[in-house]
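This report covers helix packing, aromatic contacts and strand pairing in one protein model.

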Amino acid sequence: MHPGAGVSWRYSGLLPHLGADQPVFGLQAAGLDGAGQPARDAREMVEGYLDLVRTVQPSGPYRLLGWSYGGFVAHAMACALQERGEEVELLALLDAPLPHGSAHDPGTAERQVAGLLSRVAGLPVGADGPPGVEDVLDRVGEAHTAGSSPVSRDEAASIAAVMRNNLRIAPEFTPGVFRGDALFFSATRDLVPAADAGDLSLAAGKADAWRPYVRGAFEDHTVPCGHYDMTEPDPIARIGEVVAKALRPASG
């Protein structure tokens, strides 16, 4: 399930580590193409993604994985599938925050959007944080013209719109209880105390926040990287090794 930006390209880094017989399907956020409409609320997002999953695999067992925003979406989907009597044999959360109970602050959201766009485009984020979203979009356009950004200004603008919407509905994800085992992967760098974290993705203690919502074994694997670096080659290799090991007994 996509992270906050709505883009699932980075999950392709799992492919070399899971084996040739294990495909990876990445769900992109509705509206990312600039034509469709983003999900109106958390329920619509979950139901829409379940419909997409069932077009590929009509019935379980299912294997769900999500990084950051995608983690709590994957957890919600897993709970919804179990409510329908389906089996979920793998739930993996990559340093996922727990947004329920937090308040949506548009100013904080804009800073997160600007910071993420900077990272997506490979632009530096200074000690004072990124500039405003429009300034970042202009820089993305210039960088794309120069051949140094993988996304164009229009594509970045679509990502910004999707991310604003994702952040708006994030607090609506009231966690259920997943009846099964879960893998959690905790980033260990660049964390701040939860009470001081404007960006919940950078808060320490994310794994402990999720334990009450998993009724089964809860394995927390530490990954020596920052939250936004979990799909870089070395961290994703560590994650892929653990996920591959978890999949082997399931695949017989």
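## Basis

The model is predicted: local features need pLDDT of at least 70 and side-chain atom pairs pLDDT 80 or more, while totals for chains, interfaces and linings use all residues. Residues are numbered from 1 along each chain as its sequence is written, and side-chain values use heavy atoms, without hydrogens and water.

## Helix 2 and helix 3

Helix 2 (residues 42-56) and helix 3 (residues 69-83) have axes that come within 10 Å and cross at roughly 75 degrees. Helix 2 is therefore roughly perpendicular to helix 3 (65 to 115 degrees).

From helix 2, Met45, Val46, Tyr49, Leu50, Val53 and Arg54 meet Tyr69, Val73, Ala76, Met77, Ala80 and Leu81 of helix 3 (contact: heavy atoms within 4.5 Å). This contact has eleven nonpolar, no polar and one charged residues.

## Aromatic rings

There are five aromatic pairs in the structure (ring centres within 6.5 Å). Tyr69 and Phe173 have ring centres 6.2 Å apart and planes at 80 degrees, so the pair is edge-to-face (over 60 degrees). Because Tyr69 lies in helix 3 and Phe173 in the loop between helix 6 (153-169) and strand 3 (182-189), the pair ties together parts 104 residues apart in sequence.

Both Tyr69 and Phe173 are buried (under 20% relative accessible area, 1.4 Å probe, protein chains only). Together with Phe72, Tyr69 and Phe173 form one aromatic cluster.

## Strand 1 and strand 2

Strand 1 (residues 62-67) has five of its six residues buried, so it is largely enclosed by the rest of the structure. Strand 1 runs parallel to strand 2 (residues 88-94), joined by six bridges. Trp67 has Leu94 in strand 2 as its bridge partner.

Key:
Axes fitted to C-alpha atoms, helices over the stretch in contact; angles between N-to-C directions. Helix = DSSP H or I, 4+ residues; strand = E, 2+ residues; numbered from the N terminus. Parallel < 35°, antiparallel > 145°, perpendicular 65-115°, else oblique. Nonpolar A, V, L, I, M, F, W, Y, C, P; charged D, E, K, R; others polar. Phe/Tyr/Trp six-rings, centres within 6.5 Å; stacked < 30°, edge-to-face > 60°. Buried < 20%, exposed > 50% of the residue type's maximum accessible area, 1.4 Å probe, protein only. Pairing = 2+ DSSP bridges.
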